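Dear colleague,

Please find below the structure that I am handing over to you, with its sequence.

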Number of protein chains: 2
Amino acid sequence: MPGSSSDGTFTTKMKILIVGGTGTIGKKVAANLASRHEVITAGRTTGDLTVDITSEESIRYMFETLNVIDACICTAGTGYYGDFETMNAQDINTGIQNKLMGQINLVLIGKNYLSHDGSFTLTSGIAAEHPARNGSCVAMINGGINSFVLAAAQELKGDKRINAVSPGLVEDSRERYGAMFPGYNLVPMGKLINAYLLSVEGAVNGKILKVYS
Amino acid sequence: MPGSSSDGTFTTKMKILIVGGTGTIGKKVAANLASRHEVITAGRTTGDLTVDITSEESIRYMFETLNVIDACICTAGTGYYGDFETMNAQDINTGIQNKLMGQINLVLIGKNYLSHDGSFTLTSGIAAEHPARNGSCVAMINGGINSFVLAAAQELKGDKRINAVSPGLVEDSRERYGAMFPGYNLVPMGKLINAYLLSVEGAVNGKILKVYS
């Protein structure tokens, strides 16, 4: 980060990459951060850059293009939801290569392109603790991300930080996903955005920022 | 399970598969259970049966051989420990296909060979919550197993159960692994065995049985 202002207000302008910055959550996080930072969005097919998070080569190419950044947020990644009786290893592996390894690879590769006090913010989800029906694959992925973040926070060099935001059912996703999550409280988008801000602009490190209601 | 005795003591003899039953932990769990149950051990190269838990075909063949069982314990599975700076996706994927997907596949395939009130007991580990240096891959795997168990407990049909035992540094592993875990309390093997007994012979379901000291 270029440095802090002397009057105590937070004015440090950061260069922030948001992978998934064109999705439901990512675009609102991007809109908030863009008022005071340089925001670059990356998506699978749209965004300032395109990236396939299942490909190490694609991730590496993205970071090479960006050079040094101050924060990398990931709100991208999907995993299998479906009938437990018939779910098989291939269903699960697709999500592992996407939301789980995709985010881990963003860290393993991206750490070499992060400023000395930059941060990663990954996205897990409430399923890690409170899985819904049909959600055992996503539960596993989210639990894996949370524990990876605890460990990676100990390993990152210098003043680099890493956190996970763990969203519940976001109000903006109610129409699309609500029927899959009966009894889950809706999360106001403003609260969820705040968790990403806390991770990027705050000092927290190695935290699972749970936003469940 | 064939049924309970009428005098209230626990005498139901179960047919119990222990994958990893020839390893440090598994062989002691096997020795304890063998005093009152039929125990079948499976290992990669030794045991009553051999199985490669990275192969769905091998797992399916093992269960076909056994027909119906009352409990499946897994104490097998390895994941990458090593320098975070140089760790890459391939290092991690090896552990994903072994300890993580290996155990998940035991459940997804094995549930069709489990008696109506049978149980699965998987093994995660303290790294899910308290990762050691170099342990981010194993932390992720253990966290993934824990969350999978929470979800799978909701999904299994009938009276089937599933739990995870999460061991700390076991006293029997002190010589082999102790140097990797400075400051970790040693877990008495008797306490760890008890967690497996609680899962197999008790009524608990969807629990992470933490044995950290």
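This is a predicted model: local features need pLDDT of at least 70, side-chain atom pairs count only at pLDDT 80 or more; totals for chains, interfaces and linings use all residues.

**Pairing of the chains**

Chain A superposes on chain B through a rotation of 180 degrees, with 0.0 Å of shift along the axis and an RMSD of 0.0 Å. This is the relation of a two-fold axis. Both copies use the same surface, since 100% of the contact residues of chain A recur in chain B. Within chain A, the residue that comes closest to the rotation axis is A:Gly144, whose C-alpha lies at 2.1 Å.

Chain A contributes 38 residues to the contact, and chain B contributes 38 residues. About 3000 Å² is buried between chain A and chain B, with carbon and sulfur atoms giving 66% of that area. On the side of chain A, the residues that lose the most area to chain B are A:Phe84, A:Glu85 and A:Glu155, which together make up 22% of what that side buries.

A:Ser147 belongs to helix α4 (residues 136–155) of chain A. Its relative accessibility is 5%, so A:Ser147 counts as buried. Beyond its neighbours within four places in sequence, A:Ser147 is in contact with B:Ala128, B:Ala139, B:Met140 and B:Gly143.

**Nonpolar cores**

In soluble globular proteins, nonpolar side chains tend to be buried together. The largest nonpolar core here has 84 residues, and the members that touch the most others are A:Phe148 and B:Phe148. When neighbours within four places in sequence are set aside, the contacts of A:Phe148 include A:Ile104, A:Val107, A:Leu108, A:Leu122 and A:Ile162 in chain A, and B:Phe84, B:Met87, B:Ser136 and B:Met140 in chain B. Another core, of 22 residues, lies apart from the largest one; among its members are A:Ile73, A:Val170, A:Leu209 and A:Val211.

Which residues of helix α1 (residues 24–33) of chain A are buried? They are A:Ile25, A:Gly26, A:Val29, A:Ala30 and A:Leu33. Seen down the axis of α1(A), these buried residues fall within an arc of 130 degrees, and therefore they line one face of the helix. The elements of chain A that cover them include β1, β2, β4, β7 (169–170) and α6 (189–201).

In helix α2 (residues 56–66) of chain A, the buried residues are A:Ser58, A:Ile59, A:Met62, A:Phe63 and A:Leu66. Because their arc around the axis is only 135 degrees, they are on the same side of α2(A). An α-helix has 3.6 residues a turn, so residues three or four places apart point the same way. The buried residues of α2(A) pack against β1 (15–19), β2 (38–43), β3 (49–50), β4 (69–74) and α3 (89–110) of chain A. On the face of α2(A) turned away from the buried side are the exposed residues A:Glu57, A:Tyr61 and A:Glu64.

Both ends of α2(A) deserve a note. At its start, a side-chain oxygen of A:Ser55 comes to within 3.3 Å of the backbone nitrogen of A:Glu57. Just after α2(A), A:Asn67 has a positive phi of about 60 degrees, although A:Asn67 is not a glycine. A:Asn67 lies in the loop between α2 and β4 of chain A.

**Further residues**

A:Asn134 is also not a glycine, yet has a positive phi of about 75 degrees. A:Asn134 sits in the loop between β5 (114–123) and α4 of chain A, and its relative accessibility of 27% makes it partly exposed.

In chain B, strand β1 (residues 15–19) contains B:Lys15. B:Lys15 and B:Glu38 are 23 residues apart in sequence, while their C-alpha atoms are 4.8 Å apart. The side chain of B:Lys15 reaches the backbone oxygen of B:Val68 at 3.4 Å. Not counting residues up to four places away in sequence, the residues that B:Lys15 touches include B:Ile40, B:Leu66, B:Ile69, B:Asp70 and B:Ala71.

Helix α4 (residues 136–155) of chain B holds B:Asn142, which is buried with a relative accessible area of 2%. Leaving out residues up to four places away in sequence, B:Asn142 touches B:Lys99, B:Ser124, B:Gly125, B:Ile126, B:Ala127 and B:Ala128.

With kind regards

Methods. Residues are numbered from 1 along each chain as its sequence is written. Chains are lettered from A and ligands numbered from 1 in the order in which they are written. Side-chain values use heavy atoms; hydrogens and water are left out. Copies are superposed by least squares on the C-alpha atoms of residues with pLDDT of at least 70 in both. Contact means heavy atoms within 4.5 Å. A nonpolar core is a set of buried Ala, Val, Leu, Ile, Met, Phe, Trp, Tyr and Cys residues joined through side-chain atoms within 4.5 Å. Buried means under 20% relative accessible area, exposed over 50%, partly exposed in between (1.4 Å probe, protein chains only). Helices (H or I, at least four residues) and strands (E, at least two) are DSSP runs, numbered from the N terminus. The arc is that of the directions from the helix axis to the C-beta atoms. A polar contact is a pair of N or O atoms within 3.5 Å; within protein, one must be able to donate a hydrogen and the other to accept it, and residues adjacent in sequence count only if both atoms are side-chain atoms. Buried area is the accessible area (1.4 Å probe) that two parts lose on being put together, summed over both.
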